[in-house]
Amino acid sequence: MRRAVGALLRKELRLELRAPQSVPAMALFSVTTLVLFHFALQRGEVDGDLAAGVLCVTLLFAAMLGVSRLFVADREEGGLDGFLLAPVDRTALLVAKAVALGAFLVAVECVLVPAFVFLLLGPALDAAAFARLALVLLLVDAGVAVVGTLVGAIAVQTRARDLLVPLLALPLLMPVVIALAKATTPLFLAAGAGSLPVRWLGILALYDLVFGLLAYGLFDFLVED
Amino acid sequence: MPPRPWPVTVAAPAAIELEGLTRRYGERVALAGVTLALPAGATLVVFGPNGAGKSTLLRILATLLRQHAGTARVLGHALPDEGWAVRGQVGLLGHEPLVYRDLTARENLRFHARLHGVDLERVEELLDRVGLARRADDKVHTYSRGMVQRLAVARAVLHDPAVLLLDEPRASLDPAGAELVEPLIGAAGGRTRVITSHDPAGGLAEADIALGLRAGRPALLAPAGEVDSAEIGALYR
Amino acid sequence: MLYGKRLRGLSIAAFVTLTAGIALAFFYAPMDADQGFMQKIFYVHVPLAMVALGGFVFGGAMAIQHLRTRDPRYDLRSYVAIHLSLILGAGVLITGSIWARASWGHWWVWDEPTLVSFLIVFLLYATYQPLRFSIDDPEKQARYASVFAITAGAFVPLNFLAVRLAQAYTHPRVFATANGGLPARMQVAFYVMLVGMALLYATLWKYEMASKSTSWQLRRLRAKLAGEESAAPRGRSAAPSLPTTT
């Protein structure tokens, strides 16, 4: 299992580094979306719940691009069959894809968050607020990665692939949106970060756990045939 | 032409046993009632027009597809329930090369070697044997079709499978390329082989048993020595 | 598979219970002190919502059975259940919206967590049909639809929890506690309506199942009579199918 995950992950990251597709597109798209928000909201800077909303929507829409692409190379170049022929647990593919998508999301956030702070965010982020933001985003990334892998595996087998990804993923990610927005709102207030949003971290952790188990149980049915 | 009664006495243990194998796609029947036994080390060549069910048969044997009725045993393991035991002992060379175009030949083979738990030295050996050693670090999308096919051959035999499933293996190879891969996928390798072919004479020459499919149904099943090319040609009319 | 059995009895039971429920709601249950006559829609809206959610859960359970057994009949059961729940779900959103307008003066209120989470669930399940339609191979379609139905089924409670927690304050609601604040006579009318709606759902489900399996059998007979090849191809469809030959 570990050997297979390692091989798959190495292949995944090498493909992305060799012919970068997902990460640059996602990063560029997220910065463009920030500019879009500036004009659409007609604000030079945002704070509090508005800032949380802007960050949340931008991140999620960028994630949709990555989800749409996640299984395309495997489908078009037959890599999926190549994997299925190997005597390894199919869960390895789920783990490798989710880890890869999570890594892509972290990479995008490394561009998105600084861009957001410089371009739109009113109050300055201190170190404590920054650490909390990172913690929340990591839990969010885990949930998006798992749900994204599940949705990507479903959508890649359909004719309407790119249409179905947001239609399936966005409602499924609504609890993540709620938790992300609620948890980051206090971080973006001028008054500074309050106490750690334990309730929302708990919700995110529960979400990650539930969908992690679901994906583990269901993924095998998505890769056969 | 009605299928002939099964004429071969099976001495060696059968590597592949099929009994009433049937597969549908929706309401279209892709394969219906295929029954045969292939001794270990023997070669079965499957003839039939496009859409006759040749690729479906190979995909079932490769554990990539489940049959709807009938039984299939590969190396003594029943499919699809014991597919895990068969995987890793079959090599599939299909229409798709199953390699990533943005990776190099070496990277592709190493990826599959890791999945199969094969020693990485085997990758170098095979790159050499299919004549790709010099281009091994070029991305696959810069290759000609013949080179991609040779890489696919290397991929299919990487884990030294007991059973080879070959879908028109020489279709995109020039004579030199075909000669190069012959030791790997030819009869001399001693592997049990299932090959699909459109070439009556060439196919019969390397077959021990010939199977003719028409619309998924076996129209011909006989030892290759008892079949002549005209009978194969009749399948296509 | 004879889904037509007991259909007449079920239909009559559903009709009688619903009629009784409506009569009770209008003539027996007291008028609500704050909301007046418009509160009567509560007797339709809430049972409808509960039955629709129950149908989604039932669809998920059938989907689990389908993945376990690979029997296409379970996929059909799941499909019909989700399909019906979606239709009822549209009714839930419309009645909820009318009620919101009557009580709070707005067609939509975001601080009503039950209704808001129902909207999210509805949006998710609305993708069920397009998903099925865009997969051609009937078996793969059934399998993927089942994975969707199970995922969505598990999503429902999680979503309710998140939406509920997100409310900064809770609006005073009639049905917040199903029997807490409700007078006994309202409760009677409510539960009769709930049973009536459940019976209605069961009746419709059985009708649809009977119709679908009859047309399958018809196709199978035709194929037997005229030979497999002569049966017209089924074409692209979002509905499940059984093989005509077995």
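**Close-up views of a predicted three-chain model**

**View 1. The interface of chain C and chain A in the predicted model.** Chain C and chain A together bury about 2800 Å², with 73% of that area on carbon and sulfur atoms; buried area is the accessible area (1.4 Å probe) that two parts lose on being put together, summed over both. The size of an interface is often given in this way, as the accessible area lost when the parts come together. In this interface 30 residues of chain C are in contact with 30 residues of chain A, contact meaning heavy atoms within 4.5 Å. This is a predicted model, in which local features need pLDDT of at least 70 and side-chain atom pairs count only at pLDDT 80 or more, while totals for chains, interfaces and linings use all residues. Residues are numbered from 1 along each chain as its sequence is written, chains are lettered from A and ligands numbered from 1 in the order in which they are written, and side-chain values use heavy atoms, with hydrogens and water left out.

**View 2. Polar pairs and helices between chain C and chain A.** The rule finds one salt bridge across this interface, a salt bridge being a side-chain nitrogen of Lys or Arg within 4 Å of a carboxyl oxygen of Asp or Glu. A:Arg159 and C:Asp136 form a salt bridge, with their closest N and O atoms 2.8 Å apart. On the side of chain C that touches chain A, helix 4 (113-125), helix 5 (128-133) and helix 6 (138-166) of chain C each supply at least two residues. Helix 6 of chain C gives the largest share, 17 residues. By residue class, this side of chain C divides into 20 nonpolar, four polar and six charged residues. Here Ala, Val, Leu, Ile, Met, Phe, Trp, Tyr, Cys and Pro count as nonpolar, Asp, Glu, Lys and Arg as charged, and the others, Gly among them, as polar.

**View 3. The fold of chain B.** Chain B has eight helices and ten strands; helices (H or I, at least four residues) and strands (E, at least two) are DSSP runs, numbered from the N terminus. The radius of gyration of chain B is 18 Å, close to the 18 Å that the globule rule gives for 237 residues, so chain B is as compact as a globular protein of that length. The radius is taken over C-alpha atoms, and the globule rule is 2.2 Å times the number of residues to the power 0.38. Along the principal axes, the C-alpha atoms of chain B fill a box of roughly 50 × 40 × 40 Å. Of the 237 residues of chain B, 56% are buried, where buried means under 20% relative accessible area, exposed over 50%, and partly exposed in between (1.4 Å probe, protein chains only).

View 4. The peptide bond from B:Leu79 to B:Pro80 is cis, with omega near 0°. B:Thr63 is buried, at 14% relative accessible area.

**View 5. Salt bridges of chain B.** B:Arg23 forms a salt bridge with C:Glu139, the closest N and O atoms being 3.9 Å apart. B:Arg23 lies in strand 1 (residues 14-25) of chain B and C:Glu139 in helix 6 of chain C, so the pair joins two chains. B:Arg23 is buried, with a relative accessible area of 0%, whereas C:Glu139 is partly exposed at 30%. In a salt bridge within chain B, the closest N and O atoms of B:Arg193 and B:Glu206 are 3.3 Å apart. This pair links distant parts of the chain, with B:Arg193 in strand 8 (residues 192-197) and B:Glu206 in helix 7 (residues 200-206), 13 residues apart. Both B:Arg193 and B:Glu206 are buried.

Note on methods
Polar contact = N/O pair within 3.5 Å; in protein donor to acceptor, adjacent residues only side chain to side chain.
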